[in-house]
Amino acid sequence: MNIQTPERFIDADEAAKFLSLTRRRVLDLARARKLPGHPIGDGSRRVWRFRLSELAAAVVSTQKIRLASRERAGMVRPQPISGASE
């Protein structure tokens with residue numbers, strides 16, 4: 001039988017070190033749903049936990065989106081406007 005150990009959760013401090021961000025920035029991005037995070041508890045004293053694999057995947061997918069946008073922008077060539085004087 002192949003039993004897999006689940007990936008452990010890390011706190012915001014460890015996530016911040018992994019991403020080279022501040023703890024506050026990681027928490028702000030998680031609350032804004034721009035980083036994958038797992039809130040524990042209710043109310044204003046909510047604790048956030050993260051998984052390194054999810055953070056890494058989020059960063060890679062964001063970089064791919066930015067790269068694709070730049071590539072598309074590079075493909076667009078400005079067209080001269082007919083009748084325009086220089």
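**Loops, core and rings**

Reader: Is Ser20 buried or exposed?
Author: The relative accessible area of Ser20 is 65%, and the class follows from cut-offs computed with a 1.4 Å probe on protein chains only: buried is under 20%, exposed is over 50%, and partly exposed lies in between. The model is a predicted one, in which local features need pLDDT of at least 70 and side-chain atom pairs pLDDT 80 or more, whereas totals for chains, interfaces and linings use all residues. Residue numbers start from 1 along each chain as its sequence is written, and side-chain values use heavy atoms, leaving out hydrogens and water. Because its value is 65%, Ser20 is classed as exposed.

Reader: What is the pattern of the protein chain, read along the sequence?
Author: Helices (H or I, at least four residues) and strands (E, at least two) are DSSP runs numbered from the N terminus. The protein chain has three helices and two strands. Read along the sequence, the protein chain gives the pattern α-α-β-β-α.

Reader: In which loop does Ser20 lie?
Author: Most residues other than glycine have a negative phi. Ser20, although not a glycine, has a positive phi near 60°. Its place in the chain is the loop between H1 and H2.

Reader: What is the relative accessible area of Arg33?
Author: Arg33 also has a positive phi, of about 60°, without being a glycine, and it lies in the loop between H2 and S1. Arg33 is exposed, because its relative accessible area is 78%.

Reader: Which residues does Pro36 touch, not counting those up to four places away in sequence?
Author: Pro36 sits in the loop between H2 and strand S1, which covers 38-40, and it is partly exposed because its relative accessible area is 25%. A contact means heavy atoms within 4.5 Å, and with residues up to four places away left out, Pro36 touches Phe50, Glu54, Leu55 and Ala58.

Reader: How far apart in space are Ala56 and Leu35, C-alpha to C-alpha?
Author: Ala56 is part of helix H3, residues 52-75, and it is partly exposed because its relative accessible area is 30%. In sequence Ala56 and Leu35 are 21 residues apart, and in space their C-alpha distance is 9.9 Å.

Reader: Which residues does Val26 touch, not counting those up to four places away in sequence?
Author: A nonpolar core is a set of buried Ala, Val, Leu, Ile, Met, Phe, Trp, Tyr and Cys residues joined through side-chain atoms within 4.5 Å. The largest nonpolar core has 13 residues, and those with the most contacts inside it are Ala15, Val26, Leu35, Phe50 and Leu55. H1 and H2 each supply at least two residues of this core. With residues up to four places away in sequence left out, Val26 touches Ala12, Ala15, Ala16, Leu19, Leu21, Leu35 and Phe50.

Reader: At what angle are the planes of the rings of Trp48 and Phe50?
Author: Rings of Phe, Tyr and Trp (its six-membered ring) pair if their centres lie within 6.5 Å, with planes under 30 degrees apart counted as stacked, over 60 as edge-to-face and the rest as tilted. The structure holds one aromatic pair. It is formed by Trp48 and Phe50, whose ring centres are 6.5 Å apart, and the pair is stacked because the planes are at 20°.
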